[in-house]
Each structure stands twice: as C-alpha cells, then as structure tokens.
Amino acid sequence: MRQLLNIAHYEMLHIFKEKILFLMVFLVPLGYAALFGAAYVTAVLNNVPIAIVDLDDSKLSREIASAFANSPHFKVVDDIKTYPELQEGMKNGRVRAGVVIPEHFEQKLARHELTRVLTVYDGSNLIWGYNTRKYIREVFNEFSASSTASYLAGMGYTKNEIRSIMDTVSLNTEVWYNPTFSYTNFLFLGLIMMILHQIGLLSVSLTVTREKERKTWLQFLSAPVPAWKIFTGKAIPYFTANFFNYALLLWFASRFVHVKIGGSLGLILVLGLLYDLVITGAGFLISLHASNSLQVTRYVMLLSVPFFMISGYTWPGTHIPVFINYLARLLPSTWMVLGFRQVALKELDMSYMLPYIRALGLMAVLALLPAVTFAKRLRPRPQGGPVINNGPSYPARWK
C-alpha cells in the first residue's frame with residue numbers, strides 16, 4: 001500500500017510540475033466543453049438565408065414571400081430576384097435555400113389548377129439541409145392552413161371548396177449537391193482531412209526531437225550544411241508520404257465508402273499540395289522548438305479536436321461566435337476542409353476556389369519561410385521536466 005501511495009505521490013508531483021500536463025489533466029476538459037458549448041450555443045438554426053424568386057408578382061405570391069420574411073427561421077435575401085441569381089447565390093453561399101413561385105400562380109390557383117411551387121436548398125451540409133427542408137414545410141403548412149384559407153374564405157368560398165383548392169398546391173423540392181443526404185458525403189471527407197492533419201503533423205513534428213533525444217541533432221547544427229538543406233532533406237519523406245496518403249484515402253473513400261468526390265482533379269491536387277506544405281512546415285517548426293517527443297505529442301493532441309470543431313465543417317460558421325470564427329480563419333484545416341467540400345460536392349471551378357487557394361498558399365509561405373531559415377544553434381536544455389529516453393528518473397524515497 002505504501003508503494004502504491006508513493007507512485008501516486010510521484011505522479012501528482014509531475015502533474016503539478018509540468019504546465020502542459022497540468023493543463024491537460026485539469027483545465028483542458030473544461031476548456032473543450034466551453035469551446036464546444038460556445039460553438040453550438042445557438043442550438044436552433046435560425047435566420048437561414050433564403051431567396052424568394054417571385055415570377056408571378058401577385059397578391060397571393062407576395063403573401064407567400066411575407067410568410068417567409070416573418071418566419072424566425074429564415075432571413076430573406078432581397079436582392080436575388082431571378083433563377084440565375086438564385087443559382088449563383090447557392091454557389092457562393094449567399095443563400096442556402098430558395099423558393100420559386102411560378103408565373104400565373106394566383107390565376108391557376110383561382111381556377112383550381114394544380115400549381116407547383118419550387119423549393120431548393122443546399123444539401124452539401126446536412127445541418128443546413130435537414131433544417132431548411134423542415135422549416136420550408138412548416139412555413140408552407142402554416143400559410144396553407146391560415147393565410148390561404150382566410151384569403152379564399154373572404155372571396156366567398158365554402159369550407160369544402162377551400163379544402164379542395166388547398167389540396168391542389170404542392171411543393172416540388174430539389175436537393176442540390178447531396179441529394180441523398182448521405183452522411184458520409186457530409187462528414188467523412190472532413191474526417192479524412194483530420195486524419196491527414198494529425199498523422200502528418202505528428203510524424204513531421206518528431207523528426208528533430210528524435211535527433212535531440214538521441215543527441216545527434218548537434219551533428220546537423222555543426223555540419224557545414226545550410227538550414228534549408230537540412231529542412232528539405234528531412235521534410236521530403238514526410239511530405240511525400242502525406243501526399244500519398246491524401247491520394248490513397250480519397251481513393252478509398254470514393255471506391256469503398258462511396259463518397260462523392262467530383263469537381264476538378266487539378267483543384268483537388270492543388271489543395272492537397274498546399275495543405276501538405278503547411279503541415280510539413282508547421283510540423284518541422286514544432287519539432288525545432290519542442291524539447292522532446294512527449295511534448296510534441298501533447299501539443300498535437302491539444303490542437304486536433306478544436307481545429308476540426310471550429311472549422312465550420314459540421315456546424316455553420318455563421319452560427320459560431322465571431323471571435324471563434326476569426327480564430328478558425330487563421331487555421332489551415334478550416335480552409336482545407338471547406339474548400340475541399342466546395343470542389344468535391346459542389347464541383348465549383350477556380351473562380352470560386354481562389355479564396356481557399358490564396359489562404360492556403362499564404363499559410364504555406366508563412367510555415368515554410370521560418371522552417372528553411374531556422375537558426376543553426378543549440379537551444380539550452382530546459383530545466384526540470386521528465387527525462388525522455390535518456391535514463392530513468394525515480395523519486396528519492398525509492399532509492
């Protein structure tokens with residue numbers, strides 16, 4: 001029993017002595033809970049941007065538009081008036097849904113003819129898709145049950161006639177980009193990017209720390225070899241392996257998981273190359289500044305989950321607090337997962353992908369520049385902390 005207590009006491013000393021370990025054990029769980037709670041604080045997805053294309057411009061069609069404008073679930077984008085504008089708005093993300101009221105809508109309704117109102121919504125993100133479909137149906141059901149019934153009753157129609165007329169109005173619904181609401185299309189590609197981020201970053205981050213632990217890093221620093229050659233020689237194997245994994249996992253997702261991967265192959269390759277460059281440069285910098293492999297592992301573990309959660313991939317960025325959104329825009333994983341979805345699911349061309357490519361390109365430069373110009377000097381060994389691969393360390397009372 002005494003030995004057990006000694007071991008427990010020894011571990012507690014290490015936890016309180018090491019700042020990172022202390023944060024992981026005591027503060028990180030609460031921090032994660034607070035972060036996720038802030039990201040999902042809205043709970044209900046309201047103010048969905050929607051466009052009303054009113055081709056009839058009648059009193060009844062304007063009442064339908066008013067029903068959407070008065071709904072707390074929608075925010076009508078007023079400057080989209082035509083179907084081509086609706087298509088463009090869906091592509092660039094200005095709107096997530098649209099309602100197209102056909103010409104002669106009121107006239108056909110008055111003649112008891114079958115009249116279809118077209119509704120479209122973005123199914124590339126299931127959070128948007130499911131909620132938008134539900135909200136559109138709610139608005140139309142409420143409109144049919146109250147506004148339309150009152151309107152027709154005021155014109156002298158009997159209750160049976162009103163019921164007959166209301167049964168002739170139906171919704172013709174199209175789901176764009178992810179028509180089957182496949183959950184794999186929605187989430188799996190993001191998980192692949194997270195896997196590549198974790199494995200690639202961790203592997204590169206261990207390259208210099210391994211040399212430090214084996215006491216061979218001094219040989220690289222004292223050798224008459226420029227810093228950029230040291231970085232390039234050490235980075236090429238990891239860069240190549242990570243890009244190979246990128247292609248392999250996309251092939252696996254398409255072949256066996258049946259994930260939709262469409263769009264331009266060139267854009268997919270460019271995104272992968274830039275993302276790989278960012279990971280390689282950032283991983284090497286982490287390895288330069290980390291004392292040992294244990295420290296690297298802790299850093300990577302701490303960063304992985306929040307990066308993915310605040311990226312806007314699973315929950316719309318418009319419904320995440322502003323300060324978290326600004327933080328997410330500084331992360332390469334945000335631009336990669338969202339940009340890849342735009343190519344693979346929406347099949348957008350270069351004109352829509354330029355912001356993502358520019359952001360990743362800038363981040364690649366910012367990661368690679370300090371990596372290739374690092375100072376060739378030995379950093380002093382930090383005082384305290386656990387000894388890794390350099391011999392055992394025991395409590396004094398065990399000796």
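**View 1. Polar contacts of the Ser61 side chain in the predicted model.** The side chains of Ser61 and Asp54 form a polar contact at 2.9 Å. A polar contact is a pair of N or O atoms within 3.5 Å; within protein, one must be able to donate a hydrogen and the other to accept it, and residues adjacent in sequence count only if both atoms are side-chain atoms. A polar atom of the Ser61 side chain also lies 3.4 Å from the backbone nitrogen of Asp57. This is a predicted model, in which local features need pLDDT of at least 70 and side-chain atom pairs count only at pLDDT 80 or more, while totals for chains, interfaces and linings use all residues. Residues are numbered from 1 along each chain as its sequence is written, and side-chain values use heavy atoms, with hydrogens and water left out.

View 2. Ser61 is part of helix H3, residues 59-69 (helices are DSSP runs of H or I, at least four residues, numbered from the N terminus). Ser61 counts as buried because its relative accessibility is 0% (buried means under 20% relative accessible area, 1.4 Å probe, protein chains only). Beyond its neighbours within four places in sequence, Ser61 is in contact (heavy atoms within 4.5 Å) with Asp54, Asp56 and Ile101. Phe105 is 44 residues from Ser61 along the chain, and their C-alpha atoms are separated by 7.3 Å.

**View 3. Buried residues of helix H11.** Among the buried residues of H11 are Phe231, Lys234, Asn242 and Tyr246. The buried residues of H11 pack against several helices, including H8 (183-205), H12 (265-289) and H16 (350-372).

Key
Helix = DSSP H or I, 4+ residues; strand = E, 2+ residues; numbered from the N terminus. Buried < 20%, exposed > 50% of the residue type's maximum accessible area, 1.4 Å probe, protein only.
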